[in-house]
Amino acid sequence: MNPIRKMTLTAMITAITTITSSFIFIPVGFVKAFPVQHLANVLTAVLLGPAYAVTQAFLVSLIRNISGTGSFFAFPGSMIGALLAAYLYRKTKRLTYACLGEVLGTGILGSLACYPIAVLLLGEKAALFGILPAFMLSSFAGAIFAFILLKILVKNNFLKGFFHEKSINDRRL
């Protein structure tokens, strides 16, 4: 796929994620979990690669922060998850590892990376009962949604243009 198509798809995923994640959330402790962002991380990582996944995570976080619906912690955590999802997918060519990368990257590494800052800004109780569960639940739910969505898209040949014709039927998802 050429870079123009990749940038266009990244912009579309960013727009859809920005709009829907403001309305689709799960209350967790003192904060909200946004699984749509993590669904978008896995989709972008699998379909377009690491650079586009990080770009998408950055743009969604920036737009949501400017509009007041985002969190200061969203980009660092999402970036780690998007990179790990893309890396594991590139190495294994398996969707399950991309989803695992999102959960490990955002849910564990991202939340741990943001935890000290969250304690300083919000206090220990809000960080422990808000930020950590939100990152973990959000990334886990988003990875499950991504797995199901990508399985359906591949099964119904909607992703024909993303992969070489010969390898479509050989993809191990």
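**Cysteines, overall fold and helix α1**

The structure holds zero disulfides. A disulfide is a covalent bond between the sulfur atoms of two cysteines. C99 is buried, at a relative accessible area of 7%, and C114 is likewise counted as buried, with a relative accessibility of 3%. The model described here is a predicted one.

The protein comprises six helices and two strands, and from the N terminus on its elements follow the order α-β-β-α-α-α-α-α. Its radius of gyration is 16 Å, close to the 16 Å given by the globule rule for 173 residues, so the protein is as compact as a globular protein of that length. The C-alpha trace spans about 55 × 25 × 25 Å along its principal axes. Of the 173 residues, 45% are buried. Among contacts with a separation of 6 or more, 68% are made by residues 24 or more positions apart.

Helix α1 comprises residues 3-21, and these 19 residues should span 27 Å at 1.5 Å a residue; the C-alpha atoms at its ends lie 26 Å apart, which agrees. At the start of α1, a side-chain oxygen of N2 comes to within 3.1 Å of the backbone nitrogen of I4.

The buried residues of α1 are K6, L9, T10, I13, T14, T17, T18 and S21. They cover an arc of only 165° around the axis, which places them on the same side of α1. An α-helix has 3.6 residues a turn, so residues three or four places apart point the same way. The buried residues of α1 pack against α2 (35-47) and α3 (50-67), whereas the face turned away from the buried side carries the exposed residues I4, I16 and I19.

How values were computed:
Residues numbered from 1 in each chain as written. Predicted model: local features only at pLDDT ≥ 70, side-chain atom pairs only at ≥ 80, totals over all residues. Heavy atoms only, no water. Helix = DSSP H or I, 4+ residues; strand = E, 2+ residues; numbered from the N terminus. Expected span 1.5 Å × (residues − 1). Buried < 20%, exposed > 50% of the residue type's maximum accessible area, 1.4 Å probe, protein only. Arc of directions from axis to C-beta. Contact = heavy atoms within 4.5 Å. Polar contact = N/O pair within 3.5 Å; in protein donor to acceptor, adjacent residues only side chain to side chain. Disulfide = S-S within 2.5 Å. Rg over C-alpha atoms; globule rule 2.2 N^0.38 Å.
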